[in-house]
Amino acid sequence: MLEIRWTEEPEQFESLAVCLKSLLAGQDRDVPYDELVTVLGLGCATVAVPDECLAWWWTYARDAALPTAAALYGLRLRPLHPREAAAGLETAAEYADHFRDSYVPLVLAALAHGQPALVWGGWPEPLNRFWGVIASAQKTSLSGFTIRSDGQPHKLTAPALLVYVVEDHQPDDSAEEPAVLFTHAARVAVQHWRGEPTTLPNVAIGEQAYDVWQERLAADEPCPVCADSSARCQSQMMHVRVSARRHLTAWLRRTARELDQPQREQAARWASACERVAERLQPYTHSQAIQALLSSPTGRAELRQAVADTRAIESEAVRALRPE
């Protein structure tokens, strides 16, 4: 039976990383949050969703590297439907019935065999964009944990858009060697920057996401969801982004000591690039600062330049990575 020991700390925004950490903690394994952010490719992720609030862009496409990352820690996952199949489900009225009739029985059967489920969505507002772990059920009501809940369980109140049953945990220590993890992380970073693998059709990742972000800034339009000036939306995105880059930086610098010389040098350069991105964006993590900039052409130009600078830094960092 796979136990869950929910562990969450401040500044841990990546719900999927917290889920994996909690699953592994339930197996008496303490894997650092920054390591899981790194191997999932979230420390260097850039995601844009044109029709979504900027404040929540970072909650999309978190599972792009999930199957391979989970396998490194011996977690065997079974998706209930392909990632691409989630496109448009949040607005499909018939999906609620399909989820209830087809997916809930599968999750209940898994729980009966001690197999929890990773799910994206379905949590009550304002938690509905996060990943969580379904850990128990009462009749056909599913319950579990997600972030920003003070460790308290919640019932799933809507159909989840993605579901992975966690079937087993069979760790292989050799898969978690620092060199293996670094090679994996570098490969994921390069793939992500190139827009691979394909995720939901209305989601841009990597360099393409920077295009969408810069277009949004140049358009001088309000947030399409909130209908305000987008200062709060931009500042939240910046705050999460700075946090992610700093977690990746911390892991790279800690792990570099255990790598051979070529990888150590790569890790040092990558960490330096991540720190430069975090420092460049730090001034824009407060909504008051963003609001002042968005109120004038000069301020908007400053913000666009900051985004362009971070794009250049990350592009150079990716070119320097040569995964095996």
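User: Which strands does helix H4 lie across, and at what angle to E4?

Analyst: Helix H4 (residues 93-112) lies across E3, E4, strand E5 (141-146) and E7, and runs at about 80° to E4. Helices (H or I, at least four residues) and strands (E, at least two) are DSSP runs numbered from the N terminus. Angles run from 0 to 180 degrees between N-to-C directions, with axes fitted to C-alpha atoms, for helices over the stretch in contact (heavy atoms within 4.5 Å).

User: What should I know about the model?

Analyst: It is a predicted model: local features need pLDDT of at least 70, side-chain atom pairs pLDDT 80 or more, while totals for chains, interfaces and linings use all residues. Residues are numbered from 1 along each chain as its sequence is written, and side-chain values use heavy atoms, without hydrogens and water.

User: What's the strand order in the sheet?

Analyst: E2-E7-E3-E4-E5-E6, an open sheet of 6 strands with antiparallel pairing (at least two DSSP bridges between two strands). Strands E2 (75-79) and E6 (154-155) are the edges, each pairing on one side only. Helix H1 (residues 15-25) also packs on the sheet, touching E2, E3, E4 and strand E7 (162-169), at about 55° to E4.

User: How many bridges join E3 to E4?

Analyst: 4, between residues 117-120 of E3 and 131-138 of E4. Leucine 118 stands opposite valine 133 in E4.

User: Switching topic. At what angle do H9 and H10 pack?

Analyst: About 120°, with axes 6 Å apart. That makes H9 oblique to H10, since under 35 degrees is roughly parallel, over 145 roughly antiparallel, 65 to 115 roughly perpendicular and the rest oblique.

User: Which residues make the contact?

Analyst: Ile290, Leu293 and Leu294 of H9, with Gly299, Arg300, Glu302 and Leu303 of H10.
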